[in-house]
Amino acid sequence: MNKNIRHIIMDNIKTIFIALVIAILIRSLLIQPFYIPSSSMEPTLLIGDRIFVSKYTYGYSKHSFPFSPPIFKGRIFYKSPKRGDVVVFKTPADNRTDYIKRLIGLPGDTLQFIDGDLYLNGNQILKTIKSKNDVLYCGKSKIKVSTYFEKLPGGKIYTASYRNDYSYINSDKFKIPKDHFFFLGDNRDCSKDSRYLSEVGYVHKNNLVGKAQILFFSSDPKSGSIFKIWQWDKIMRFKRFFNKIK
């Protein structure tokens, strides 16, 4: 093989390797993009949204890195998440699947649903009606919901929706253990979250991946492919581009 050709090949390999290392470091330590595949966080996040998640906000665990390598134990540079944050985490069931939900309960909190209302440490979460005739997705089905503004202790306000035909009414008390968190989907009656202890349950701080920060791109997969440029008026949700996630 010609020496010049060999030199060019080696330079290209080095460039690719360096670029790959930089990409992994950015993805692991700074920001990682995620795609929203389900309707559990509607109306806040829709199927087809692409978001940026900050990896540094809560510090780092093995789950901050691709394939969760056991490079160290616990969590380093840890900062406790705030109530109301929208968080990506690894499900405790398999420590592999990424979920995104809203943080409602902190370690030591008691949480319960009574007559359809959410109670935190014995106090009802303030719920103010926003609209009564919204339509959201639940899987492939459409459901009619009422959407509310909910206000958490500390002042965080967000929207949550409840089915009009039937809803999650009552629950046992959830007592959140030390170093664990309780998450709910904003689409309350179409979300597999911490209420389902055998499938999600309480999430340990080491399972936190990062905080959802920016919705940078959105398209409706039910309306067609983004590669069909002539249909972008139906497919692309331009108004959602580069919105801060609240």
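In this predicted model, F17, I18, V21, I22, L25, I26, L30, I31 and Y56 make a nonpolar surface patch of about 820 Å². The greatest share of the patch comes from helix α1 (residues 3–30), which gives 7 residues. L30, one of the patch residues, is placed in helix α1. L30 counts as partly exposed because its relative accessible area is 44%, between the limits of 20% and 50%.

The interior is a separate topic. In soluble globular proteins, nonpolar side chains tend to be buried together. The largest nonpolar core here has 16 residues, and the members touching the most others are I104, L111, F113, L118, F182 and L184. At least two core residues come from each of the strands β5, β6, β10 and β12, with β10 giving the most, 3 residues. Another core, of 13 residues, lies apart from the largest one and includes I51, V53, V88 and I245.

N187 is located in the loop between β12 and β13 (203–204). Is N187 buried or exposed? N187 is buried, because its relative accessibility is 0%, under the 20% limit.

| Residue | Contacts (heavy atoms within 4.5 Å) |
|---|---|
| F113 | L118, Y162, Y168, I169, N170, S171, L184, R195 |
| N187 | S39, S40, M41, E42, L136, Y137, I143, S161 |

Among the contacts of F113 are L118 and L184, both of which are also named among the core members touching the most others.

Technical notes:
Residues numbered from 1 in each chain as written. Predicted model: local features only at pLDDT ≥ 70, side-chain atom pairs only at ≥ 80, totals over all residues. Heavy atoms only, no water. Core = buried A, V, L, I, M, F, W, Y, C linked by side-chain atoms within 4.5 Å. Buried < 20%, exposed > 50% of the residue type's maximum accessible area, 1.4 Å probe, protein only. Helix = DSSP H or I, 4+ residues; strand = E, 2+ residues; numbered from the N terminus. Patch = residues over 30% accessible without salt bridge, like charges linked within 9 Å, V, L, I, M, F, W, Y side chains within 5 Å. Areas by Shrake-Rupley, 256 points an atom, 1.4 Å probe, with all protein chains shown as cover. Salt bridge = Lys/Arg side-chain N within 4 Å of Asp/Glu carboxyl O. Lists of a residue's contacts leave out its neighbours within four places in sequence.
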